[in-house]
Each structure stands twice: as C-alpha cells, then as structure tokens.
Amino acid sequence: MKIAVLYNTTEVLVRFRSELIKSLVEDRHEVIAITPFDSSVNDLKNLGVRWVEWDLAGQTLNPLKDIKSLFELYSILKAQQPDVILNFTIKPVLYGSLVASV
C-alpha cells in the first residue's frame, strides 16, 4: 500500500512520527513524506521513506501563498497516487482533506 504522510515541518515529523513511519516501512508499505525542506530531510530519508518537497506557506496569512500551497499539494498527490493519506498539523489537515476529496 502507498501511504502519503503530510506534515508542516520535516523536523517535527521525524521527532514525533518516526516510530509510526518505521512500522509502516517494516510492514512493507511504500511511505511518501510530503513536507517542506529543512535540515531533517536526510534523517527522514534514513527511515526508508521517499521524500517529496512541498512548498507549504507556513506561518502566513497571505491567501495567495496558501492557494499556491494548496494547488501544489494537489499536483503532488495526483502524481504520487497514494492509497492512504495521513495528515498531521493544521494546514496539512485542512489542505490534505480538501485535496483528497477531489
């Protein structure tokens, strides 16, 4: 099964969800992490996942940047075709839920 994991920072994903990711990889699922780039990308890749960069408009209230992030996520998910999407944190939950329903 192909599982996409959406998070607003790679560092926090590694810190709080590495055990979940390890379990999914050990169960032979293909795990795709969709996060913005930061210094923890290599740590994430070392867990056995494929990483896809998402230019998430983090702490901004700029609607144009948010719309750009939403459409970029749509493109990423359309290209990756995951069977399951795990959304964590506010914007990934909102955007991931909107895009997954399309």
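Among contacts in the protein chain between residues at least 6 apart in sequence, what percentage join residues at least 24 apart? It's 63%, where a contact means heavy atoms within 4.5 Å. Before we move on, a word on what you're looking at: this is a predicted model, in which local features need pLDDT of at least 70 and side-chain atom pairs count only at pLDDT 80 or more, while totals for chains, interfaces and linings use all residues. Residues are numbered from 1 along each chain as its sequence is written, and side-chain values use heavy atoms, leaving out hydrogens and water.

**Stop one: the whole chain.** Switch to a cartoon view. You'll find four helices and four strands, following the pattern β-α-β-α-β-α-β-α along the sequence. (These are DSSP runs numbered from the N terminus: helices are H or I with at least four residues, strands are E with at least two.) The C-alpha atoms fill a box of roughly 40 × 30 × 20 Å along the principal axes. Of the 102 residues, 40% count as buried, meaning under 20% relative accessible area with a 1.4 Å probe, protein chains only.

**Stop two: Threonine 10.** Select threonine 10, in helix H1 (residues 10–26). Is it buried or exposed? Threonine 10 is buried, with a relative accessible area of 0%. Show its surroundings and, beyond residues up to four places away in sequence, you'll see it touching Thr35, Pro36, Asp38, Ser40, Val41, Leu44 and Trp51.

**Stop three: a pair of rings.** The whole structure holds three aromatic pairs. For one of them, select tyrosine 7 and phenylalanine 88: their ring centres are 5.4 Å apart and their planes sit at 35 degrees, so the pair is tilted. (Rings of Phe, Tyr and Trp, the last by its six-membered ring, pair if their centres lie within 6.5 Å; planes under 30 degrees apart are stacked, over 60 edge-to-face, and the rest tilted.) Tyrosine 7 is in the loop between strand S1 (2–6) and H1, and phenylalanine 88 in the loop between strand S4 (84–87) and helix H4 (90–100), so the pair ties together parts 81 residues apart in sequence. Both tyrosine 7 and phenylalanine 88 are buried.

**Last stop: Glutamine 80.** Now pick glutamine 80, in helix H3 (residues 63–80). Glutamine 80 counts as buried at 15% relative accessibility. Leaving aside neighbours within four places in sequence, glutamine 80 contacts Lys2, Ile32, Arg50 and Val52.

Key:
Buried < 20%, exposed > 50% of the residue type's maximum accessible area, 1.4 Å probe, protein only.
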